[in-house]
Amino acid sequence: MTGTPERDHAWLQEAAKRNLWLHFTRHSGYAEADIPLIVRGEGQYVFDQHGKRYLDGLSGLFVSQIGHGRTDVAEAGARQGAELAYFPLWSYAHPRAIELAERLAAYAPGDLNRVFFTTSGSEAVESAWKLAKQFFRLTGEPSRYKVLSRYIAYHGTTHGALAITGLPDIKMPFEPLPAGGVRVPNTNFYRAPAFVADDLAAFGVWAADEIERAILREGPESVAAIYLEPVQNSGGCFPPPPGYFQRVREICDKYGVLMVSDEVICAFGRLGYIFGCERYGYTPDIITFAKGVTSGYAPMGGMMVSDRLMEPYLRDEHSFLHGVTFAGHPVSCAVALANLDVFEKEDLLAHVRANEGAFRATLEKLSDLPIVGDVRGDGYFYGIEMVKDKATRETFDDDESERLLRGFLSHALFDAGLVCRADDRGDPVIQLSPPLTCSQEHFDEMEQILRSVLTQAWQRI
Ligand SMILES: Cc1ncc(COP(=O)(O)O)c(C=O)c1O
């Protein structure tokens, strides 16, 4: 790659189209158009190859909690690479993994004292299922292998994680998946069944009790775990109704089912706490995490596990028969520690808690638009559901949704300078999950871009 910057950009486009395979992307959409190319980040913004600035309203992909361009965090990784670039956590330990495990244990609720590192969220989700299955074999309940999760919830793409994911379209091509995935209702109050549609608390009790009914239907002796996000991402940010998680905890305890809080998105400040479960006052048996633990300055995932679950693995000749080469990579651990230092130095959790009301209020201004049906979320994590008819809550059909989201909104929002996500994994939504450093000026910028683009979208319907 030589020559003028313009020539380099042309080369990058050609090479990208020739050699690079983008994830969950229709490449046909780029046959005539350029692939968006982000070359640099600074604070809450990223920049394309022409120097155009975009507000990163999605933190990349729910990742960049502290924002972009933090040289101190990047340099912590570089220093670690020079000192010890790699050594496995298979039979050995290294200082940064120990320090990070100790620090995460100090943040975690209850007796979640043990950290098993992975390299991604999918691996964390997959590892928790394997841990649960082997745990039950070690403790005399070998028939427990099934996993409950909620409709349209996303828990990752590897075969095990995909079996837990509740999105039929992304599962179908890969069937048969590992057996044992069972679906239960999510907490989408905007689309609640009529008999609980006017009562949030009753809706929460119903949704939680459906979990008990599913356990009884499947046979409690066959159920290993349930996976729940504190706020479900897929479908457009479903917060839990009051009391929901307390009821789920009771049900899990009653039937001996492990409660997994999948916090791949919701941990590390997204909801104003290091772990999202703290916000809603429950203690799970396992927390899965990834993304924000390093704010993306290096890849990392993992799970926090209670002492009770570790106990059988400490006995005799037993060990957890599972591992991945790059888990707990020294560079990622050093970066995670530096990332958490930024959280503390800048008091980011307090910043989110102090500003989340303003974020909500700014987004709620959009409710005067005819296309905006619902604005929902918590912390710095919001979904805006779009509807065809506000009064009846009628949604768009598949064709309209395709034209609206893929044909217009995704490009139009990006062209207008906002990175966010227009998604129809459930009903059509726009999702926002900005860096935790954002404040009113950024909320206003998001609102103004969304107002302008959503107004145009409505005119095109
Ligand atoms: C809740 C949840 N679980 C698991 C995953 C999978 O994580 P990864 O993409 O790092 O494998 C994601 C990814 O977005 C997620 O949101």
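Predicted model: local features only at pLDDT ≥ 70, side-chain atom pairs only at ≥ 80, totals over all residues.
The cut-offs: buried is under 20% relative accessible area, exposed is over 50%, and partly exposed is in between, with a 1.4 Å probe and protein chains only.

Local features need pLDDT of at least 70 and side-chain atom pairs pLDDT 80 or more, totals for chains, interfaces and linings use all residues, and side-chain values use heavy atoms, without hydrogens or water.

Back to Glu-141. What does its side chain meet in a salt bridge? The partner is Arg-144, at 3.0 Å, N to O. A salt bridge here is a side-chain nitrogen of Lys or Arg within 4 Å of a carboxyl oxygen of Asp or Glu. Arg-144 is buried, because its relative accessibility is 7%.

By that rule, the count is 34 salt bridges. Here are some of them. Glu-402 pairs with Arg-406, and their closest N and O atoms are 3.0 Å apart. Both sit in helix H14, residues 398-415, four residues apart, which is about one turn of the helix. Helices are DSSP runs of H or I, at least four residues, numbered from the N terminus. Glu-402 has a relative accessible area of 29%, so Glu-402 is partly exposed. Arg-406 is partly exposed too, at 34%.

Next, Arg-421 and Asp-423. Their side chains form a salt bridge at 3.7 Å, N to O. Are these two buried or exposed? Both are buried. There is also a network: salt bridges link Arg-191, Asp-374, Arg-376, Glu-385 and Asp-427.

Now Arg-70. It lies in the loop between helix H2 (59-62) and helix H3 (71-83). Its relative accessible area is 15%, so Arg-70 counts as buried. Its side chain makes a polar contact with the side chain of Glu-346, at 2.6 Å. A polar contact is a pair of N or O atoms within 3.5 Å; within protein, one must be able to donate a hydrogen and the other to accept it, and residues adjacent in sequence count only if both atoms are side-chain atoms.

On to the ligand. Residues around it, meaning those with a heavy atom within 4 Å, include Ser-120, Tyr-154, His-155, Glu-229 and Lys-291. The shell splits into three nonpolar, five polar and three charged residues. Which ligand atom lies 2.8 Å from a side-chain N or O atom of Asp-262? A nitrogen. A ligand oxygen is 2.6 Å from a side-chain N or O atom of Ser-122. From Gly-121, a backbone N or O atom comes 2.8 Å from a ligand oxygen.

Ser-120 caps the N-terminal end of H5, with a side-chain oxygen 3.2 Å from the backbone nitrogen of Glu-123. After H5 comes Gly-140, with a positive phi near 80 degrees.

Methods. Residues numbered from 1 in each chain as written. Nonpolar A, V, L, I, M, F, W, Y, C, P; charged D, E, K, R; others polar. Helix = DSSP H or I, 4+ residues; strand = E, 2+ residues; numbered from the N terminus.
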